[in-house]
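Hi,

Here is the structure I promised to pass on. Have a look at it first, and my notes on what turned up follow below.

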Amino acid sequence: MEDQIRMKVPINIALVGNPNSGKSSLFNALTGLNQKVSNFPGVTVDKKTGIARIAPQLEANIIDLPGTYSLYPKSADEFVTYDVLLNPKGADRPDMVLIIADASNLKRNLLFCSQIIDLKVPVIIGLTMMDLAKKKGVEVDLAGLERELGVPVVAINPRRNKGLQQLKKNIELIAQEKFGAPARDFIPNHELAPAVIEDIKKICAVTSDYAALHVAVNYDELHFLGKPQQAAIKASLQQHGFNKTKIQADEIMQRYAHIKQVMNGTVVETDPLQQQLQTERIDNILLHRFWGYLILLVVLFLLFQSIFWIASYPMDLIDAGFGSLSGWLTDVLPANQVSDVFINGIIAGLGGIAVFIPQIMILFGLITILEDTGYMARISFLTDRLMRQVGLNGKSVMPLISGVACAVPAIMAARNIENRKERLITIMITPLMSCSARLPIYTIMIALVIPDRMVLGFLSLQGLVMMGLYLLGFVMAILVAAVMKLFIKIREKSYFIMELPVYRAPRWKNAAVTMVEKAKIFVMDAGKVIMVISIILWFLASYGPGAQMQAVETKYEQLQAQTTDETQLEELDKQLQSEKLSHSYAGILGHAIEPAVKPLGFDWKIGIALITSFAAREVFVGTMATLYSVGDSEDSDATLRQKMESATRVDGTPVYTLATGLSLMIFYAFAMQCMSTLAIVKRETRSWKYPIIQFIYMTALAYVCSWIIYELFK
């Protein structure tokens with residue numbers, strides 16, 4: 001009875017492991033929808049927690065800690081894991097630790113496992129990737145490994161819910177105190193620095209020799225130590241001549257020596273040399289000093305060509321479908337304000353969202369396939385030399401590539417860059433990468449001003465322009481980074497260590513799920529903003545100061561009364577709609593800002609779109625859809641592209657010329673048109689200084705480059 005009462009209280013379980021070991025999959029499998037994301041106190045690192053039902057009388061609070069390769073932290077993410085595991089009085093102090101280890105890379109994973117074991121907390125090891133290990137010819141003796149390590153070892157596959165019941169049973173047994181902390185040290189930690197370890201165990205509340213050793217190494221960075229404790233530890237280290245570099249080196253050497261013994265007795269590898277040779281043969285081509293870069297360009301070219309080749313058919317169907325729907329609704333619904341806001345506000349906004357779903361799905365699907373095959377890590381390796389010359393390193397490539405999808409998670413991904421200067425520069429330049437929110441703008445402008453023809457008989461000119469815009473963002477990011485390198489005065493050692501994963505066939509189901517999820521996010525997140533702004537814009541474009549709107553209507557009533565010719569009446573009605581739009585609240589706002597954007601080739605409608613799209617870049621298309629629907633109600637079944645093609649200025653010249661189209665694309669390629677990105681930069685840098693600098697430099701860069709392009713091509 002006492003056990004049952006005690007077990008009703010949720011226990012804290014820390015979920016730890018190397019990056020890409022399957023930790024997130026297990027977290028999702030255990031917690032389901034009972035999750036929340038917040039921040040660890042005092043840092044901008046995400047804190048994922050969730051409630052898991054382990055047994056009828058036992059709930060667990062699962063804390064998903066950031067992935068790390070060892071217990072020696074090198075980044076903000078890794079230091080969070082370090083602090084939670086070492087702090088004896090922390091709010092997130094775990095009752096037990098669940099270590100996720102990749103069976104296909106067991107030697108590397110066992111280093112971290114052995115360190116956690118020596119902290120003397122109850123431990124369970126979950127072995128993932130057993131199927132991949134088997135394909136690589138690796139067989140693991142689970143019982144032998146459990147015996148050697150002195151902790152429970154369970155084979156699991158979170159994606160298929162395999163091994164989870166056995167894992168929960170082990171958690172329950174530990175909760176009932178049938179298993180305790182590991183009985184023996186993995187290596188003799190006390191012998192590394194006996195006098196210092198004894199002193200530290202008296203000064204602070206750590207219980208294991210190994211935890212005391214880590215306090216000695218990082219005492220000045222551990223927040224749970226008070227100033228008097230840090231001073232006492234420093235005095236002890238000086239008294240005993242503590243050399244932390246030598247101690248760390250000795251520790252790691254001893255751990256790997258013991259890991260080798262453990263693996264010799266518990267792991268059988270059949271022909272590991274053959275696996276290594278196969279990967280090396282592929283890398284000899286893909287990482288070649290010349291061919292590697294050429295292949296990278298070809299891969300990127302195919303990526304952006306596919307966005308047009310594959311997506312053009314569903315996009316045309318969706319575009320035509322919404323055009324027909326608008327025309328049909330105009331015919332069947334009564335002519336009143338409710339119908340008007342529904343057709344020209346809501347339906348026009350929905351059309352602006354739906355038409356770009358195929359391209360977004362294809363882009364994310366192809367990026368997922370590149371990650372799954374292991375090629376994305378090779379891109380980081382290939383570009384490390386270039387990155388270093390401009391104040392970055394190879395790890396900066398991952399946030400930059402992620403920026404092609406969205407700058408917000410890409411900026412958060414920069415947390416794994418250890419060097420503060422490189423991390424800051426990466427954050428400042430990542431929004432220059434063309435994200436998926438710019439894709440709708442590029443697509444419609446390329447379709448308007450770039451001829452749909454082939455180059456050399458097989459290359460799409462529109463696809464080449466699209467690829468050029470993405471490469472332009474990357475080149476500009478590199479140039480800006482080189483400039484920032486000169487101005488940001490932070491000096492730290494920089495190094496680039498990355499494990500290149502084995503090549504494997506992509507998981508097509510994973511790619512399909514990602515495509516659907518990203519489409520949902522686009523529709524729900526961007527869609528809500530676009531819909532709200534579309535309805536507000538419909539109101540602003542349909543109404544204006546009473547006296548002005550009445551004067552316009554009176555003028556055209558008199559003109560219409562003077563003729564009975566049907567053609568003239570239709571022309572007068574078009575002029576009436578255009579002039580009412582010009583005198584509406586939206587028109588007044590647009591004309592007010594037109595002098596500022598006119599040097600770039602933009603008219604007042606584009607000016608309004610620049611303002612509304614600051615909420616989210618993709619709102620540009622929704623804005624244009626609403627403005628052209630309200631301003632051209634006679635042609636309700638025409639597509640947005642057709643309406644923009646026929647748009648003219650006051651002097652009768654077309655609005656969307658090659659010069660204007662290129663100018664607009666360049667502006668959006670470089671401008672900071674996203675409130676969410678600025679908010680995340682503020683959060684990551686903990687200062688308004690950097691987002692303000694970012695907004696100013698990107699807006700100035702966009703304006704100047706856009707003006708130059710317009711002057712060259714007009």
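Glu 711 and Lys 714 join their side chains in a salt bridge, 3.3 Å from N to O. I use that term for a side-chain nitrogen of Lys or Arg within 4 Å of a carboxyl oxygen of Asp or Glu. Lys 714 is exposed at 61% relative accessible area, whereas Glu 711 is partly exposed at 35%. The cut-offs there are under 20% relative accessible area for buried, over 50% for exposed and partly exposed in between, with a 1.4 Å probe and protein chains only.

Before you read on, please keep in mind that this is a predicted model: local features need pLDDT of at least 70, side-chain atom pairs count only at pLDDT 80 or more, and totals for chains, interfaces and linings use all residues. Residues are numbered from 1 along each chain as its sequence is written, and side-chain values use heavy atoms, with hydrogens and water left out.

Back to the salt bridges. Lys 246 and Asp 250 meet at 3.0 Å, N to O. These residues are four apart in helix H11 (residues 244–266), about one helical turn. Helices here are DSSP runs of H or I with at least four residues (strands are E runs of at least two), numbered from the N terminus. Asp 250 is partly exposed, at 28% relative accessibility.

Arg 255 and Glu 251 also form a salt bridge, at 2.7 Å from N to O. Both lie in helix H11, again four residues apart and about one turn of the helix. Both Arg 255 and Glu 251 are buried. An α-helix has 3.6 residues a turn, so residues three or four places apart point the same way. Asp 118 joins Glu 251 and Arg 255 in a network of salt bridges.

Next, helix H4 (residues 106–117). This helix has 12 residues and reaches 16 Å from its first C-alpha to its last, close to the 16 Å expected at 1.5 Å a residue. The expected span is 1.5 Å times one less than the number of residues. How many residues of H4 are buried? The number is 11 of 12, which leaves the helix mostly covered. Among the buried ones are Arg 108, Phe 112 and Cys 113.

Now the surface patches. They are made of residues with over 30% relative accessible area and no salt bridge, joining like charges within 9 Å and nonpolar side chains (Val, Leu, Ile, Met, Phe, Trp, Tyr) within 5 Å.

- Positive: Lys 135, Arg 160, Lys 162 and Lys 509 form this patch. Lys 509 belongs to helix H23 (residues 508–542) and is exposed, at 68% relative accessibility.
- Negative: Asp 565, Glu 566, Glu 570 and Glu 571 make up this one. Glu 570 is in helix H25 (residues 566–582) and is exposed, with a relative accessible area of 52%.
- Nonpolar: Phe 290, Trp 291, Leu 294, Val 298, Leu 302, Trp 309, Ile 310 and Met 454 together have about 780 Å² of accessible area. Helix H13 (residues 291–309) gives the largest share, five residues. Trp 309 is in H13 and is partly exposed, at 38% relative accessible area.

The place of a charge is taken as NZ of Lys, CZ of Arg, CG of Asp or CD of Glu. Accessible areas come from the Shrake-Rupley method with a 1.4 Å probe, and for residues only the protein chains shown count as cover.

Cheers

How values were computed
Lys and Arg count as positive and Asp and Glu as negative; His and the chain ends are not counted.
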